[in-house]
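Here are my notes on this one, for when you have the viewer open. Have a look at the fold and the ligand site before reading on.

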Amino acid sequence: FVVQPSATSSATTALFDSRQRQKVAARSSWIEKRGGMAQVEKKAVTKSASGLQTNEGGLEYVQLVHPSGSSSKVYLYGACVTSYIQDGTEFIAVRPDAKMDGSKPISGGLSHCWPQFGPGAIQQHGFARNVIWSVASMTDSSVELVMEPSDYTKEMWDKPFKCTFTVTLQEDQLDTKMWVENKGDDSFDFQAALHSYFAVSSLDKLEISGSFAGKEFLNKLVGDGGEMQTEDREVITISEEYDRVYKGVIDPVLKDAGTGKSLAVLNTKGWADTVIWSPYGNEAMGYNNFVCVESVKFDPVTLNSGETWVGDMSLKPSSN
Ligand SMILES: O=P(O)(O)OC[C@H]1O[C@@H](O)[C@H](O)[C@@H](O)[C@@H]1O
């Protein structure tokens, strides 16, 4: 069973055709019989060799390892970082109901929303997470992935773009960088987000700090289309459903009393806002073991001909 396109293909290709999907579905039923994806992911994570590998669902991913012992896993499908392990702690979550076979975007990891963040003219969260990105280069500890227009993306959004996403393991942090280039003669607008799913031992053990106090946020769960509210807390705790856009917050830190670890989300360039999303109470999504703390450019970027937008986000773990 071979997933198309290969890592050396230069063209970004839309999701599998129906025949490929059937083959993948047969693999998925094999996975389900063995206790689901959580088990399969755990098995794959224990592999130490770096390089291009294929999961049981037929999706290719790049396993990164650093001499310090940290590791990461980056799927070509959606350029999605599904694992970052530092000092034995996994900081990234993949939902138990996630499909890891290409039948739908990966619900978990550092998942891309591009060129649209929420509901709008094209599909929710855009198309970057629905296509297989190409590997432009890789080393043991870093990978560079590229997405360019295909027939699939042009149907939704016919703009001459090039997106590049790099993931680099450093000794004590994980660096990500997103470039969006305008290759055409006319300007275009886009929104962008890393819809990041972070692993949490249990939500009642989690505190999210950062420059939240006094900030305005769009509470999407109030009223019809949301309501602007003001945050009066220094530290956010989650005991209800959340879908909030915190404008101008770029420095969230997740402190987990269960693991004794904190994770700083360092949005050092481009990313302007933080979204917190939690489907609190949804057992099927495994709500109690993750929180989405997303790096977002909510107000659209206008990119002129020849210009490049860059988003830098690093994850830096520490002990509480
Ligand atoms: O399941 P996904 O595609 O990862 O998305 C998770 C959630 O992302 C949130 O941003 C949306 O508001 C939700 O509607 C959605 O369910």
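The points below go through the ligand site and then some backbone and side-chain details.

1. Ground rules. This is a predicted model, where local features need pLDDT of at least 70 and side-chain atom pairs count only at pLDDT 80 or more, while totals for chains, interfaces and linings use all residues. Residues are numbered from 1 along each chain as its sequence is written, and side-chain values use heavy atoms, with hydrogens and water left out.

2. Who surrounds the ligand? Arg 95, Ser 107, Gln 124, His 125, Arg 129, His 195, Tyr 197, Asp 243 and Trp 277 do, each with a heavy atom within 4 Å of it. Sorted by class, that shell holds two nonpolar, four polar and three charged residues. The classes here put Ala, Val, Leu, Ile, Met, Phe, Trp, Tyr, Cys and Pro as nonpolar, Asp, Glu, Lys and Arg as charged, and the others, Gly among them, as polar.

3. Ligand oxygens. The side chain of Arg 95 has an N or O atom 3.0 Å from a ligand oxygen, and the side chain of Arg 129 likewise has an N or O atom 3.0 Å from an oxygen of the ligand. For His 125, a polar side-chain atom sits 3.5 Å from a ligand oxygen. On its own the ligand exposes 390 Å², and the protein buries 76% of that (Shrake-Rupley areas, 1.4 Å probe; for residues, only the protein chains shown count as cover).

4. Which pocket does the ligand take? Its space is the second largest pocket. A pocket here is an open set of points on a 1 Å grid over the protein atoms alone, where a 1.4 Å probe fits, with protein on both sides within 12 Å along at least five of seven lines. A molecule sits in one if more than half of its atoms lie within 2 Å of its grid points.

5. His 195, from the ligand shell. This residue is in strand S11 (residues 188–199); strands are DSSP E runs of at least two residues, numbered from the N terminus. Why call His 195 buried? Because its relative accessibility is 5%, and buried means under 20%, exposed over 50%, partly exposed in between (1.4 Å probe, protein chains only).

6. Most residues other than glycine have a negative phi, and most peptide bonds are trans. The Trp 114 to Pro 115 peptide bond is cis, with omega near 5°, and Pro 115 is in the loop between strand S6 (110–113) and strand S7 (134–138).

7. Two positive phi values. Ala 79 has phi near 45° and lies in the loop between strand S3 (71–75) and strand S4 (80–86). Asp 87 has phi of about 50° and is in the loop between S4 and strand S5 (89–90). Buried or exposed? Ala 79 is buried, at 0% relative accessible area, whereas Asp 87 is exposed, at 66%.

8. Asn 267, in strand S17 (residues 261–269), is buried at 6% relative accessible area. Its side chain makes a polar contact with the side chain of Ser 295 at 2.7 Å (a pair of N or O atoms within 3.5 Å; within protein, one must be able to donate a hydrogen and the other to accept it, and residues adjacent in sequence count only if both atoms are side-chain atoms). Ser 319, in strand S20 (residues 308–319), is exposed at 56%.

Conventions: 1 Å grid on protein atoms, 1.4 Å probe; cavity = no way out; pocket = protein on both sides within 12 Å on 5 of 7 lines; lining within 4 Å. Helix = DSSP H or I, 4+ residues; strand = E, 2+ residues; numbered from the N terminus.
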